[in-house]
Amino acid sequence: MASRQQSVPCISRSPPEQPLQVKVVGLFKSSSFQIAKSAAESLKSNYPSKFEDPIIIPVQEFAWHQYLQEKKRELKNEVWEYSSYVMCFINDKLLGDALDLQKWAHKVWDIVDFKPPALYEALTVDYSAKFLRDTKHNFVFLDISIDLYPIGRLIFELYSDTCPKTCKNFQILCTGKAGFSQSGIKLHYTGSIFHRVVRNGWVQGGDIVAGKGDNGESIYGPTFEGQAHTEKKCWEWNQNYAGIGITVMKREREQSQKSQKPRGHSDDQHTKTALEGVCEVGKLPSF
């Protein structure tokens, strides 16, 4: 008796679906960054098999403006007038800002965010404080005015682990704690001017003697010796930022420094003292 061969149904196997990757890049002190961060984390927690761990990248203000300019060049007209402080990506493709991510999470994944704005403001304050603490650096600030009208605040992150002597000078000149020099100069940046402003270039100030840019005083005396070997290393480490946000101390001669301060870019002739200059510097008139 002939045996009957059993037929086996053919089953087509489609490749497994790849998890989605959400990336959030934004200004660390913006509440919109917290909204986007929360949405990305909610997607992962609600659909762990559908999403990779989200990539969350908080940045300081100078870095955000540089990142935005790079994305404008890369994406051209797509983000030319981008006004938000956060960018959200799905598998490296730009989705939009925090609200765009929330809408996408609701429409596609049925996730609704019920957190009130006041909660996001509180989360932003806590997150910002922790973000700055984790740098283990000191921060100082200068409030800037034009004709006595306040336009913003410059915040400086001091790399005292790299340039301790220079950073200490800058920090104390910002606080005024040193009082007066032996020659009677008030060792404080308060009331000093930017004696040079170059549009799309840099601002220069800190001449606490006469405000002309040809004088100054440090907490150590008229001049002090810098830390040339560590400064050179610091510049090499920071050069990928193209100098944006870098603050340097002007040298009187090869190794000596005074009180003159922020420029927007640098070269081997200057010393890095701080990273993160944030303010509406573009409002300063050039002269």
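Is Ser-160 buried, exposed or partly exposed? Select Ser-160 first: it counts as partly exposed, at 26% relative accessibility (buried is under 20% relative accessible area, exposed over 50%, partly exposed in between, with a 1.4 Å probe and protein chains only).

The model is predicted, so local features need pLDDT of at least 70 and side-chain atom pairs count only at pLDDT 80 or more, while totals for chains, interfaces and linings use all residues. Residues are numbered from 1 along each chain as its sequence is written, and side-chain values use heavy atoms, with hydrogens and water left out.

Stay at Ser-160, which sits in the loop between strand 6 and helix 5 (164-175). Helices (H or I, at least four residues) and strands (E, at least two) are DSSP runs, numbered from the N terminus. Show the contacts (heavy atoms within 4.5 Å): setting aside neighbours within four places in sequence, Ser-160 touches Asn-138 and Cys-167. Asn-138 is 22 residues away in sequence, and its C-alpha lies 7.7 Å from that of Ser-160.

Next, select strand 5 (residues 138-146) and strand 6 (residues 149-158), which run antiparallel and are joined by nine bridges; strands pair if DSSP finds at least two bridges between them. Val-140 has Phe-156 in strand 6 as its bridge partner. The two strands form a hairpin with two residues between them, and Asp-147 in the turn has a positive phi of about 50°.

Finally, select the cysteines Cys-88 and Cys-167. Cys-88 is buried at 0% relative accessible area, and Cys-167 is buried at 0%. The whole structure has zero disulfides (a pair of cysteine sulfur atoms within 2.5 Å).
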